[in-house]
Amino acid sequence: MRVTTRTFPDPQNLCPVPVTEYTLQNDHGISVSCINYGAIITDVRMPDRNGLVESIVLRFPDLTGYIAHAGLYLGAIVGRTAGRIDGASFPLNGAMYALPKNDGENSLHGNGEFSKAIWDAEVFDLPDPTVCDHRQKVSVTFLYTSPAGSNGFPGEVHAEVTYLLDNNDRFHIEYRATSTEDTLFDPTNHTYFNLSGDLKTDILSQTLIADADRFAELREDLIPTGNILPVDGTAFDFRLGEPFSQGRDSEHPQNVMVGRGYDHPFLFREEGNHSLRVSDAVSGRAVTISTDAPAFVMYTCNDPEEGVELADGPLVPFAGAALEAQGWPDAVHLPAAPSPVLKQGDDFRRKTVWSFALV
């Protein structure tokens, strides 16, 4: 196992400092690349059933695309809070806080602060002394301090995100944060998966199994209404495994409203760890996502901006699925939601693991 680094291409010199790409590689042909700009995951590669190693995520070839199309949040860490906040404001401890309106009248993904920040990086590529058979793990930890009042949020937040790849073909995303004041904090990673390999096809025939029995109904501006609906008998039921195409083919008003697909929070059934799995019968690839987050948001690239060129071809409808493990969007306004408040002095921790396999 090893970590390699290179200066990430920035042909237009859009970033004021050089950006470094870190590639974590294990002994089985799996690698994950990431950069210190936005803690963006720039590539994930794994073999298919015939041993052909290809990319399984949407990606840009250089920094130009990530900056020009920042609204896609391709592979990025988003925060301080993932998702939308109604009215770009929230009450906390008797005070009202106003946020930038970057999505109509609402706030989206913390106004992109984390996904555009330059993070510090610490690399770990030594043998793991806790494993008796001397298998290794390699990792990079990104660190960023969000100043008090940044984008309207109270408290200075010290955030860490660790990306760790092991020789059991698992990739760990570990979040940690503290704040000097009570604040909102709920980050996620916004990678788009497509297991066909190098964007050979869209995701419509790929299959999702998800441990979620409810989903959040959305308004037309994609803010949760507060109604939590059962998935039973709808195109939102993936408990036994269904292709992503069931959203495109559905006449459910919620699927139609978002462009005949998904842009919805799915709520896990129980407390603790939860999982979902994406698989592709043609390539034989599968990725299981396990998380202790209470929900995931699925966006299936239903109606993307035209003219966006990715590293492997044009961005087309249903090119990829973002499966964002996180808290409930707009949780601060939803009494039934787990609290998104990070208390002063508390230690925020969350973990998501991607497990790679063949089917």
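**View 1. Salt bridge between Arg 170 and Asp 166.** In this predicted model, Arg 170 and Asp 166 form a salt bridge in which the closest N and O atoms are 3.0 Å apart. Asp 166, with a relative accessible area of 7%, is buried. Elsewhere, salt bridges with shared partners connect Asp 43, Arg 45, Arg 59 and Asp 312 in one network.

**View 2. Salt bridge between Arg 239 and Asp 237.** The closest N and O atoms of Arg 239 and Asp 237 lie 2.9 Å apart, and the two residues form a salt bridge. Arg 239 counts as partly exposed because its relative accessibility is 25%, which falls between the limits of 20% and 50%.

**View 3. Salt bridge between Glu 54 and Lys 200.** The structure contains 22 salt bridges, and one of them joins the side chains of Glu 54 and Lys 200 with an N to O distance of 2.2 Å. This pair connects distant parts of the chain, its members being 146 residues apart. Glu 54 belongs to strand E5 (residues 53-55), whereas Lys 200 sits in the loop between strand E17 (192-193) and strand E18 (207-210). Glu 54 has a relative accessibility of 6%, so this residue counts as buried. Side chains of opposite charge can pair when their charged atoms come close.

**View 4. Phe 171 in its surroundings, with the largest nonpolar core.** The largest nonpolar core has 60 residues, and those that touch the most other members are Trp 119, Tyr 163, Phe 171 and Trp 354. Strand E13 (residues 157-166) supplies the largest share of this core, with 5 residues. Leaving out residues up to four places away in sequence, Phe 171 touches Leu 24, Val 32 and Ile 41, then Tyr 163, Leu 164 and Leu 165, and finally Thr 352, Val 353, Trp 354 and Phe 356. Another core, of 22 residues, lies apart from this one; its members include Leu 58, Leu 63, Leu 72 and Leu 310. In soluble globular proteins, nonpolar side chains tend to be buried together.

**View 5. Thr 162 and its contacts.** Thr 162 is located in strand E13. With a relative accessibility of 14%, under the 20% limit, Thr 162 counts as buried. Its side chain and that of Thr 141 are joined by a polar contact of 2.7 Å. Neighbours within four places in sequence aside, Thr 162 is in contact with Ser 139, Val 140 and Thr 141, and also with His 172, Ile 173 and Glu 174.

**View 6. Aromatic pair Phe 60 and Tyr 66.** The whole structure holds 23 aromatic pairs. In the pair of Phe 60 and Tyr 66, the ring centres are 5.1 Å apart and the planes stand at 85°, so the arrangement is edge-to-face. Phe 60 and Tyr 66 are both buried.

**View 7. Cluster of aromatic rings.** Ring pairs connect seven named residues into a cluster: Phe 215, Phe 236, Phe 238, Tyr 262, Phe 266, Phe 268 and Phe 296. A pair of aromatic rings is described by the distance of the centres and the angle of the planes.

**View 8. Cys 15 and Cys 34.** The whole structure contains 0 disulfides. For Cys 15, the closest cysteine sulfur is that of Cys 34, at 15 Å, which is too far for a bond because a disulfide needs sulfur atoms within 2.5 Å. Likewise, the sulfur closest to that of Cys 34 belongs to Cys 15. Cys 15 is buried, with a relative accessible area of 11%, and Cys 34 counts as buried at 0% relative accessibility.

**View 9. Cis peptide bond between Gly 79 and Arg 80.** Gly 79 and Arg 80 are joined by a cis peptide bond with an omega of about 20°. Arg 80 lies in the loop between strand E6 (77-78) and strand E7 (84-85).

View 10. Ala 88 is not a glycine, yet its phi is positive, about 50°. This residue is in the loop between E7 and strand E8 (89-92), and Ala 88 counts as buried at 2% relative accessibility. Asn 111, also a residue other than glycine, has a positive phi near 60°. The position of Asn 111 is in the loop between strand E10 (107-108) and helix H2 (113-116). Asn 111 is partly exposed, with a relative accessible area of 24%.

Note on methods. Residues numbered from 1 in each chain as written. Predicted model: local features only at pLDDT ≥ 70, side-chain atom pairs only at ≥ 80, totals over all residues. Heavy atoms only, no water. Core = buried A, V, L, I, M, F, W, Y, C linked by side-chain atoms within 4.5 Å. Buried < 20%, exposed > 50% of the residue type's maximum accessible area, 1.4 Å probe, protein only. Helix = DSSP H or I, 4+ residues; strand = E, 2+ residues; numbered from the N terminus. Contact = heavy atoms within 4.5 Å. Phe/Tyr/Trp six-rings, centres within 6.5 Å; stacked < 30°, edge-to-face > 60°. Salt bridge = Lys/Arg side-chain N within 4 Å of Asp/Glu carboxyl O. Polar contact = N/O pair within 3.5 Å; in protein donor to acceptor, adjacent residues only side chain to side chain.
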